[in-house]
Amino acid sequence: MKKINFYLFLSALLLIVLGLVCIFNPVEIFQSMAWLVGLMILLTGISGLLFGLKEQKELPNAGSSVMLAIFQILVGILFVCNGLLAASTMVVVFALWVMFEGISLSVLSFDYKRSGYQQWWLMLLLGILSLLLGFFALRNPGGVGAAFGILLGLGILSNGIERVVACFALKRIRNRIRDFKESLTATNIDDKQQ
């Protein structure tokens, strides 16, 4: 049990340090995340290329799979070689997605209004806010990247803190189990004496 506590506490400490590093270096962390996304795109492209070349004789659309894989490889190489470009591209894709969702939600709110839903205006408000958030992200990609880095750091930090709490909770649980076993043993001894 002591080994488990040691490893749990060690992992908690490492997570807390990593979380603080993310919080104090959010832009660099976001660029690293973007680099990892680029690496995943590159590996997916290589895998798709190998699959497409192998199955080209048996699958009628393997040629398009090969072309898509080559495109993925090129994008992956570009992202891995240029972390800043990868980070900016991820923010633009995120911003466009949020804007599209905002427009969709705004239009959908009027359908809800027509069907008699009383809080249709909340959906409209959320749609407009999403649209504005997406627009802000397009205008300030560095700020959005930093926000992602800080949120990632906060998530990692909270995971580390949770593990520290778990160390103390496990100690308390072990003490309760020990006390319970001792009380059972004492009860058994009393029953045998009577």
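Buried means under 20% relative accessible area, exposed over 50%, and partly exposed in between (1.4 Å probe, protein chains only). The model is predicted: local features need pLDDT of at least 70, side-chain atom pairs count only at pLDDT 80 or more, and totals for chains, interfaces and linings use all residues. Residues are numbered from 1 along each chain as its sequence is written, and side-chain values use heavy atoms, with hydrogens and water left out.

Ser 109 lies in helix H4, residues 83-114; helices are DSSP runs (H or I, at least four residues), numbered from the N terminus. With a relative accessible area of 0%, Ser 109 is buried. Its contacts (heavy atoms within 4.5 Å) are tabulated with those of Ala 87, not counting residues up to four places away in sequence.

| Residue | Residues touched within 4.5 Å |
|---|---|
| Ser 109 | Trp 120, Met 123, Leu 124 |
| Ala 87 | Phe 30, Gln 31, Ala 34 |

The side chain of Ser 109 also reaches the backbone oxygen of Ser 106 at 2.5 Å. Both serines are among the buried residues of H4, which also include Gly 83, Val 98 and Gly 102.

From first C-alpha to last, the 32 residues of H4 reach 47 Å, close to the 46 Å expected (1.5 Å times one less than the number of residues). Gly 116, with a positive phi near 95°, follows H4.

Methods. Helices (H or I, at least four residues) and strands (E, at least two) are DSSP runs, numbered from the N terminus. A polar contact is a pair of N or O atoms within 3.5 Å; within protein, one must be able to donate a hydrogen and the other to accept it, and residues adjacent in sequence count only if both atoms are side-chain atoms.
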